[in-house]
Amino acid sequence: MIKLVVFLLLSAAAFAQPTVDSIIAAGQVVTMDGERRIIADGAVAVRAQRIVAVGPRAEIERRYRAKVVVRRPNAVLMPGLINTHAHAAMSLFRGIADDMRLQDWLNNFIFPAEAKNVTPEFVRWGTRLGVLEMLLGGTTTYTDMYYFEEIVAEETKRAGMRGVLGETVIQFPVADAKTPADAVKRTEDFFKNYANDSLITPAVAPHALFTNNDDTLRACRRLADQYQKPLLIHLSETKQENDDIVKTRGMSPTRVLDSIGVLTGRTIAAHGVWLDDADIRILAQRGTGIGHCPSSNMKLASGVAPVPKLLAAGVNVGLGSDGPAGSNNDFGLFEEMDLASKLAKVTSMDPEALPATKVLEMATIGGARALGMEREIGSLEPGKLADLILVNTAAPHGQPSYNVVSQLVFALKASDVRDVMVNGRWVVQNRIALTLDRAAILAKARQFGLSVRRSLEK
């Protein structure tokens, strides 16, 4: 009789357990929540697109029944990385013009190469290549600025990745628009087609102050505000840009943009290298997010963004890779974390500048804040979208581990990412992309490489 009662009680308890789709367990869970909890032998329960619970593995497994249980004792479970500035399709221009200054690179190589090569199919396959690289490196959300952005959106969604995707607006004729007005109209259509998408946030992306006139910039701001979408822009990337605008306009690029109303809504500005204290105050007051791109700024010798000052002023700063066509040759955010911290240290001669904890924030919850998406992504918390990654620690460079945050920032690599989930769906497992045809993408990339090379020889 006692055995029967015990059996019935256990059966009732099991039946009472809520069912979830997945329980994902790891040796350590780095939550990036408000308390920055790190849970040894922890787990996350996921139902549909969202996180249901986060806690010790034994507790999660006791509270929930799961259709699938994934256990990775030799891994770190953490939020997916957030790339706040990229040009995915430019992966097909990887390395065509290195070791030169930004203006020379843009005017003499990139803009001409784009004029000869960028088509809808170029953007399609370039996006596939870029998204494949980013997903395998643990990036679950990226911010893009390019042409034919509706195709970028189509391929990003097909891959199961999250994107804040900006249709480029620029003053001269480009592949998908002959005039800025055409580009603005394309953007409005883009907004309508992806009005309430679960993965895609459409944006308008006026390239920069120096490549657009004031009327175009105001039109972009009006459109973004009308549809309550973000505006993406390059800002104060080089000293030449800053000096030229100060000379012609009598004020910095930040102050010009603010004076014409561009910064009054949701804005993400890339680079922000040449900012003075007054600029930083404006950005903080306006709530403008900054996409810090350390590799790009170093490679083009653009300068060093005042990230510690920006953070101290309350500006939301994320990390960006920029485009792999000379400004940076890959999309790896683990490398950007490492470089961001070291760049701040060596330029300030202060080893305590931009510590690992702060840089990991920039790559996760800080990037989410810069994009205005911190309520949905950037940390592992109940109710948030299930964007998460498992990072293997079993490689020689992953052992021993005394501080998991330092290990993530300074030792582990993009190639250590083992599994990736976006929106509750596995898109990478055991280093295999489940939503993308790797062999076909690489073969097509080689074909485009040959055609780009021929176009440059003409």
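Which side chains meet in a salt bridge at 3.0 Å, N to O? They are the side chains of Arg71 and Glu61. A salt bridge here is a side-chain nitrogen of Lys or Arg within 4 Å of a carboxyl oxygen of Asp or Glu.

This is a predicted model, in which local features need pLDDT of at least 70 and side-chain atom pairs count only at pLDDT 80 or more, while totals for chains, interfaces and linings use all residues. Residues are numbered from 1 along each chain as its sequence is written, and side-chain values use heavy atoms, with hydrogens and water left out.

## The chain as a whole

The protein chain contains 17 helices and 16 strands; helices (H or I, at least four residues) and strands (E, at least two) are DSSP runs, numbered from the N terminus. Its radius of gyration is 23 Å, close to the 23 Å that the globule rule gives for 458 residues, so the chain is as compact as a globular protein of that length. That radius is taken over C-alpha atoms, and the rule is 2.2 Å times the number of residues to the power 0.38. Along the principal axes, the C-alpha atoms fill a box of roughly 90 × 45 × 45 Å.

Of the 458 residues, 58% count as buried. Buried means under 20% relative accessible area, exposed over 50%, and partly exposed in between (1.4 Å probe, protein chains only). The chain exposes about 18,400 Å², and carbon and sulfur atoms supply 54% of that area; accessible areas come from the Shrake-Rupley method with a 1.4 Å probe, and for residues only the protein chains shown count as cover.

Contact means heavy atoms within 4.5 Å. Among contacts between residues at least 6 apart in sequence, 72% join residues at least 24 apart.

## Salt bridges

Side chains of opposite charge can pair when their charged atoms come close. The structure holds 34 salt bridges. Three of these pairs are listed here.

| Pair | N to O distance | Relative accessible area |
|---|---|---|
| Arg71 and Glu61 | 3.0 Å | Arg71 48%, Glu61 21% |
| Glu133 and Arg94 | 3.1 Å | Glu133 23%, Arg94 33% |
| Arg218 and Asp215 | 3.5 Å | Arg218 32%, Asp215 54% |

Arg71 counts as partly exposed, and Glu61 is partly exposed.

Glu133 and Arg94 meet in another salt bridge. Glu133 lies in helix α4 (residues 120-136) and Arg94 in the loop between β5 (81-86) and α3 (102-117), so the pair ties together parts that are 39 residues apart in sequence.

Arg218 and Asp215 both lie in helix α7 (residues 214-227), three residues apart, about one turn of the helix. Arg218 counts as partly exposed, whereas Asp215 is exposed.

Salt bridges also link Glu121, Arg124, Arg128, Glu154, Glu155 and Arg158 in a network.

## A buried histidine

His292 is found in strand β11 (residues 289-292). With a relative accessible area of 2%, His292 is buried. Leaving aside residues up to four places away in sequence, His292 touches Thr84, Asn297, Ala305, Val307, Val317, Gly318, Leu319, Gly320, Ala340 and Met362.
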